[in-house]
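Thanks, everyone. I'd like to walk you through one structure today. Please bring it up on your screens.

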Amino acid sequence: MSEESLNPAQSKSNEGWFSFDPSKPIEQLPPLALAYMGDAIHEVAIRQYLLSGKNLRPHHLHRASTSFVSAGAQAKILAHLEPTLTETESNVVRQGRNAKSGTIPKNASVIDYRYATAWECLLGYLYYKGEHARMEQLITEGIRHLEKQS
């Protein structure tokens with residue numbers, strides 16, 4: 001990591017929560033790199049959602065979070081939201097779904113795993129584009145959808 005990447009004054013876009021810009025334009029980042037960021041975004045969103053509830057026991061929080069962050073849950077979120085996505089968002093999802101990760105999912109079907117990767121890719125893309133309101137809107141609707149199903 002270079003010294004200038006640690007200097008907030010050197011930030012080019014500052015669209016993210018921190019001043020560390022990606023090394024390439026967002027449109028040139030590999031889908032799996034976007035999914036890497038999107039996974040973290042989704043995890044933070046779910047943790048914040050769970051901490052807004054009344055049951056704050058660590059064991060309960062962990063069990064509840066797994067029902068939201070599993071590949072199956074993320075695939076359900078994306079399937080529910082896909083008809084509402086813009087053309088650009090749909091293209092990002094397609095690229096994320098078609099990305100070859102090189103890993104075999106342990107606790108999910110290959111299809112769920114690919115859709116979960118696509119969901120995470122979309123979140124990473126929206127994060128880096130600075131479309132945080134849209135990102136929050138989709139995550140919130142996804143949480144509502146999962147809550148209705150349980």
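Contact here means heavy atoms within 4.5 Å. Also keep in mind that this is a predicted model.

Let's begin with a pair of helices. Helix H1 covers residues 31–51. Helix H2 covers residues 58–69. Which residues in H1 meet H2? From H1 they are His42, Glu43, Ile46, Tyr49, Leu50 and Leu51. On the H2 side, they meet Leu61, Ala64, Ser65, Phe68 and Val69. The contact of H1 with H2 divides into 8 nonpolar residues, 2 polar and 1 charged.

Now the geometry. Two packed helices are described by the angle between their axes and the distance between the axes. For H1 and H2, the angle is about 135° and the axes are 10 Å apart. The crossing of H1 past H2 is right-handed.

Let's zoom in on this contact. Take Ser65, in helix H2. Is Ser65 buried or exposed? Its relative accessible area is 9%, so Ser65 is buried. Setting aside neighbours within four places in sequence, Ser65 is in contact with Ile46 and Leu50.

Next, Leu61, also placed in helix H2. Leu61 has 18% relative accessibility. The cut-off for buried is under 20%, so Leu61 counts as buried. Leu61 touches Leu50, Leu51, Asn55 and Leu56, again not counting residues up to four places away in sequence. Look at Leu51 in particular. Leu61 and Leu51 are 10 residues apart in sequence, and their C-alpha atoms are 7.9 Å apart.

Asn55 was on that list. Where does Asn55 lie? It lies in the loop between H1 and H2. At 26% relative accessibility, Asn55 counts as partly exposed. Asn55 touches His60 and Leu61, leaving out residues up to four places away in sequence. Now compare Asn55 with Ala40. These two are 15 residues apart in sequence. In space, C-alpha to C-alpha, they are 23 Å apart.

Helix H5 covers residues 110–129. The axes of H1 and H5 come within 6 Å and cross at roughly 85°. Therefore H1 and H5 are roughly perpendicular to each other. H1 brings Pro31, Leu32, Leu34, Ala35, Met37, Gly38, Asp39, Ile41 and His42 to this contact. H5 brings Thr117, Trp119, Glu120, Cys121, Leu123, Gly124, Tyr125, Tyr127 and Tyr128. How many residues are nonpolar, polar and charged here? In the contact of H1 with H5, 12 are nonpolar, 4 polar and 2 charged.

Two residues here deserve a stop. One is Glu120, in helix H5. Its relative accessibility is 13%, so Glu120 counts as buried. Leaving aside neighbours within four places in sequence, Glu120 is in contact with Leu34, Ala35, Gly38, Asp39 and Gln74. Glu120 and Ile41 are 79 residues apart along the chain. Their C-alpha atoms are separated by 8.1 Å.

The other is Asp39, found in helix H1. What feature does UniProt place at Asp39? An unreviewed UniProt entry places "active site" there. With 37% relative accessibility, Asp39 counts as partly exposed.

One last pair. Helix H3 covers residues 71–81. The axes of H2 and H3 come within 5 Å and cross at roughly 50°. That makes H2 oblique to H3. H2 supplies Ser67, Phe68 and Val69 to the contact. H3 supplies Ala71, Ala73 and Gln74. By type, the contact of H2 with H3 has 4 nonpolar residues, 2 polar and no charged.

How values were computed
Residues are numbered from 1 along each chain as its sequence is written. This is a predicted model: local features need pLDDT of at least 70, side-chain atom pairs count only at pLDDT 80 or more; totals for chains, interfaces and linings use all residues. Side-chain values use heavy atoms; hydrogens and water are left out. Axes are lines fitted to C-alpha atoms, for helices over the stretch in contact, and angles run from 0 to 180 degrees between N-to-C directions. Helices (H or I, at least four residues) and strands (E, at least two) are DSSP runs, numbered from the N terminus. A crossing is left-handed if the near helix is turned anticlockwise from the far one by less than a right angle, and right-handed if clockwise. Ala, Val, Leu, Ile, Met, Phe, Trp, Tyr, Cys and Pro count as nonpolar, Asp, Glu, Lys and Arg as charged, and the others, Gly among them, as polar. UniProt positions are given in the numbering used here, feature names are shortened, and annotations may be inferred rather than shown by experiment. Buried means under 20% relative accessible area, exposed over 50%, partly exposed in between (1.4 Å probe, protein chains only). Angles under 35 degrees count as roughly parallel, over 145 as roughly antiparallel, 65 to 115 as roughly perpendicular and the rest as oblique.
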